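Hi,

Here is the structure I promised to pass on. My notes follow below it.

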Amino acid sequence: MPKPTPEATVTQPALSLDQDTEILGKVGDVLTVADKKRDSKALSQRLSGPALAMRTAELQVAKATKSDDDVTALPTKVQTVVVPTSTAWPRAAFAVSAQPSNTEPPRLMAFEQSTARDNYALWGWARLFPGITMPTFAAPGTGSAAVASDDASLVLAPKSAVSHYVDVLNKGSKSKYATSFAQDAFRTGLATKAAGLDKNKNFKSAKGKYGETFTAAKSAPVAVRTADGGALVMADASAVEKTSAESKAKIVPSTAATKALFGDAKPTNTLVVTYRDVFALYVPPAGASDTKVTVLGVEHVPVKVATHS
């Protein structure tokens, strides 16, 4: 007797659109209350990971300056949702927000559920670069599969894509991975800032030194499959920016946010600014005609300012 053909396993989305909308609403409610009060106490109810660290710092700045200029707008009205199919935890959903204003780009947001009993929380966000083309995803009714950090079906495994990008940020064109990434606005901005200081005569005369070092978080990146077999990868990272000058110099913070985080500390000849970062990358599938990884957006928020590391 012939053996029956096994039935194909049908993967179901782990969230419905209604559930996804409810999550966005709950996160939005917590953000609204915290932002209005300029108080971070309630954030842990619906924020985690880098999102919690970044928003906590932003509200610290807002409270000190009595201004919301440095609080990132995070619309919970969205234009795209990416629903997971994963049956394991942690698992993540993604959304592209509506445009906050005519001058600001949409945000790419990741929401993570740590265990079956935990609520989905906003894990991280990145500002999409102007003019960037987002990859396409499976319809919400079908759902998109999670991608492991060591997935071998891509031109670079997600974990490798993140570590290689960090190497490029630290070494620029001298990185052996520089040609693996399309040029992006974040790197251009960092290079422009460093070049400006290098040409500044006052900075040079004070024997000024400047450097910024990026480090990828030890935690695995959050990644999901795109419709073409590639992956959207979001990663947690940090950066330490150090500026120093001759011993008699006094270096003060240069922005409202860094001044607020520095507080009443006395300036010295060294200033260290620590940032929390989120990178959003598109990694093509292995065998793609264009094998370069595209950086879709970045968030780079100062979280600590001091005279030493």
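The buried residues of helix 1 are Asp20, Ile23, Leu24, Val27, Gly28, Val30, Leu31 and Ala34. They share one side of the helix, because they cover an arc of only 165 degrees around its axis. Keep in mind that this is a predicted model.

Helix 1 runs over residues 17-37 and has 21 residues. From first C-alpha to last it reaches 30 Å, close to the 30 Å expected. Its buried residues pack against helix 2 (49-65) and against strands 1 (78-82), 2 (91-97), 3 (107-113) and 4 (121-128). On the other side, Asp18, Thr21, Asp29, Thr32, Lys36 and Lys37 are exposed. Just after the helix, Arg38 takes a positive phi of about 55 degrees.

Now the charged pairs. The count comes to eleven salt bridges. One of them joins Glu299 to Arg127, with the closest N and O atoms 3.0 Å apart. This pair links distant parts of the chain: Glu299 sits in strand 9 (residues 294-306) and Arg127 in strand 4, 172 residues apart. Glu299 counts as buried at 4% relative accessibility. Arg127 is partly exposed at 28%.

Asp167 and Lys171 form another salt bridge (3.2 Å, N to O). Both lie in helix 3 (residues 158-171), four residues apart, about one turn of the helix. Asp167 is buried at 15%, whereas Lys171 is partly exposed at 48%.

Arg187 and Asp184 also meet in a salt bridge, at 2.9 Å from N to O. Arg187 is buried at 13% relative accessibility, and Asp184 is buried at 4%. Shared partners join Glu104, Arg107, Arg127 and Glu299 into one salt-bridge network.

Best regards

Terms used. Residues are numbered from 1 along each chain as its sequence is written. This is a predicted model: local features need pLDDT of at least 70, side-chain atom pairs count only at pLDDT 80 or more; totals for chains, interfaces and linings use all residues. Side-chain values use heavy atoms; hydrogens and water are left out. Helices (H or I, at least four residues) and strands (E, at least two) are DSSP runs, numbered from the N terminus. The expected span of a helix is 1.5 Å times one less than its number of residues. Buried means under 20% relative accessible area, exposed over 50%, partly exposed in between (1.4 Å probe, protein chains only). The arc is that of the directions from the helix axis to the C-beta atoms. Contact means heavy atoms within 4.5 Å. A salt bridge is a side-chain nitrogen of Lys or Arg within 4 Å of a carboxyl oxygen of Asp or Glu.
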